[in-house]
Amino acid sequence: MPLEKTKTLLLFTLLGLLVGLTVLLVMPSDTPHSVVNEGYSGFSKLWLNYYGNVILSTSDLLNHEPSNSILILARRDALLSVEPRLEFIEKGGVIVTYGSPVYVVSFLKSLGYNVEFKGYVYDWVYSTGEPDSIIAQSKTGINIHVKKPYYIDGLPGEILVYTSSFAYVDSNGNGYFDMNESIASTPICSRIHIGNGYIVVVTAEEFLENSLIDSNNVFLSELKGLREILIDQAEVMRVNSIDVVRMIVKSRVSVYMLLLLLIPLALVGYYVARKHT
């Protein structure tokens with residue numbers, strides 16, 4: 001192959017790679033809890049506004065001093081093992097965890113607690129106007145805003161947040177209050193001390209996503225103190241590995257930088273292509 005054609009091929013290959021990277025950065029992600037998801041269910045605000053560090057595997061935790069770190073762990077699927085994270089807590093680390101009932105129950109059971117999901121919670125007093133959204137007050141007087149809260153029977157630890165006394169557990173899942181469903185205050189957040197650290201468990205499906213994090217800024221800041229924020233992305237990596245590529249690219253290269261490279265290369269490519277026609 002002549003040298004000129006080789007150079008042209010390399011030029012268009014590089015151009016294609018840059019176009020691909022640009023598309024990866026521009027295309028939106030809709031993966032829940034992903035740091036590159038800028039929608040309501042994403043963690044982009046947590047990552048960018050709070051300077052969060054991404055944790056892709058439990059081995060990554062070893063690179064951070066537990067006593068200076070707080071790990072945000074939100075998931076949908078059941079947790080297979082808590083062991084590596086348990087060591088992190090025992091050495092002084094803090095974990096804030098929440099997510100689906102399946103996940104939270106699996107997490108607590110892996111710690112040895114006998115717990116059971118009883119149903120989603122609806123609160124007539126603390127409701128924000130949306131049936132599955134409430135703003136409750138912690139023991140220290142700080143509000144937390146959660147969506148799709150639920151009741152875990154046997155929730156261990158020190159209860160930090162309760163619903164109002166006019167809340168009920170929708171035990172049959174029909175979305176309505178039935179006469180056999182009692183009206184009472186329900187715990188939706190607890191703190192479990194283990195070793196030198198502790199876990200804050202929020203029994204809700206949504207808590208620190210982009211749509212809610214501004215409402216929970218004071219509560220998160222109180223827990224965080226001077227600790228660095230770590231964001232667990234292990235589930236995101238398993239569900240959508242492309243988001244991990246987006247994360248790596250975004251953390252090192254900006255869209256504007258790629259465009260600065262892309263535009264002159266495109267012009268050169270156009271000139272080369274025209275020259276050969």
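A: Tyr-103 and Phe-107 are both buried, where buried means under 20% relative accessible area, exposed means over 50%, and partly exposed falls in between (1.4 Å probe, protein chains only). The model is predicted, so local features need pLDDT of at least 70 and side-chain atom pairs need 80 or more, while totals for chains, interfaces and linings use all residues. Residues are numbered from 1 along each chain as its sequence is written, and side-chain values use heavy atoms, with hydrogens and water left out.

Where do Tyr-103 and Phe-107 sit? Both belong to helix H4, 4 residues apart, and that is about one turn of the helix. Helices (H or I, at least four residues) and strands (E, at least two) are DSSP runs, numbered from the N terminus. H4 covers residues 101–110, and it's mostly covered up, with 7 of its 10 residues buried. Besides Tyr-103 and Phe-107, the buried residues of H4 are Pro-101, Val-104, Val-105, Ser-106 and Leu-108.

Now for the rings. The count of aromatic pairs comes to 10. Tyr-103 and Phe-107 make one of these, a tilted pair, 5.9 Å centre to centre with 50° between the planes. Here Phe, Tyr and Trp rings (the six-membered one for Trp) pair if their centres lie within 6.5 Å; planes under 30 degrees apart are stacked, over 60 edge-to-face, and the rest tilted.

Compare that with Phe-117 and Tyr-150: their ring centres are 5.8 Å apart and their planes meet at 75°, so this pair is edge-to-face. Phe-117 is in strand S4 (residues 116–123) and Tyr-150 in strand S6 (residues 143–153), so the pair ties together parts that lie 33 residues apart in sequence. Are these two partners buried or exposed? Phe-117 has 32% relative accessibility, so it counts as partly exposed. Tyr-150, on the other hand, has a relative accessible area of 0%, so it's buried. Elsewhere, Tyr-122, Trp-124, Tyr-168 and Phe-177 come together as one aromatic cluster.

Two exceptions here are worth a peek. His-33 has a phi near 70°, positive even though it isn't a glycine. You'll find His-33 in the loop between helix H1 (3–26) and helix H2 (44–48). Its relative accessible area is 5%, so His-33 is buried.

Tyr-51 isn't a glycine either, yet its phi is positive too, about 55°. Look for Tyr-51 in the loop between H2 and strand S1 (53–55). With 69% relative accessibility, Tyr-51 counts as exposed, whereas His-33 is buried.

Then hop to Phe-117 and Tyr-150 to see what an edge-to-face pair looks like.
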